[in-house]
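Morning, everyone. One chain today, and I'll keep it short. Have a look first.

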Amino acid sequence: SITGLSIRHIGEHFQHSNNTISQYFCKFIFIFSSSLFYNVYVHMPAVDEVQSGIREDPRFWLFFQDVIGALDGSHIH
C-alpha cells in the first residue's frame, strides 16, 4: 500500500481478512485502470501548464525542470 503497510496491517485496521483486502485492492486497481475511468478522469497538463508554485520557486523548479512526463505532458498509458 502507499502507506507502506502490509495487507495484514490494513486488514487488522479495518477488521477484514487479508483475502478480502486483497480482493478489493484488485477491484480498485481494475476500476482505476479501466478506460471508462481513465479516459474521463486522468489527464496530463498541457506542456505550458506547470503550477506557478513549482515554476516560480527555485527550491522546487531546480528539481522539476527536467522531469520528463510530469511536466511536459508526455504520458504512457
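Is Y41 buried or exposed? Y41 is exposed, at a relative accessible area of 58%. The cut-offs: buried is under 20% relative accessible area, exposed is over 50%, and partly exposed lies in between, with a 1.4 Å probe and protein chains only.

This is a predicted model, where local features need pLDDT of at least 70, side-chain atom pairs count only at pLDDT 80 or more, and totals for chains, interfaces and linings use all residues. Residues are numbered from 1 along each chain as its sequence is written, and side-chain values use heavy atoms, leaving out hydrogens and water.

Confidence next. pLDDT is the predictor's confidence in each residue, from 0 to 100. The chain's mean is 77, and 74% of residues reach 70 or more.

Now the rings. Rings of Phe, Tyr and Trp (its six-membered ring) pair if their centres lie within 6.5 Å; planes under 30 degrees apart are stacked, over 60 edge-to-face, the rest tilted. That rule gives three aromatic pairs. In one of them, F28 and F32, the centres are 6.0 Å apart and the planes at 25°, so this pair is stacked. Both residues lie in helix α2, four residues apart, about one turn. Helices are DSSP runs of H or I, at least four residues, and strands are runs of E, at least two, numbered from the N terminus.

F37 and Y41 have centres 5.0 Å apart and planes at 35°, so that pair is tilted. They share helix α3, residues 35-41. F37 is partly exposed, at 26%. Ring pairs link F28, F32, F37 and Y41 into a cluster.
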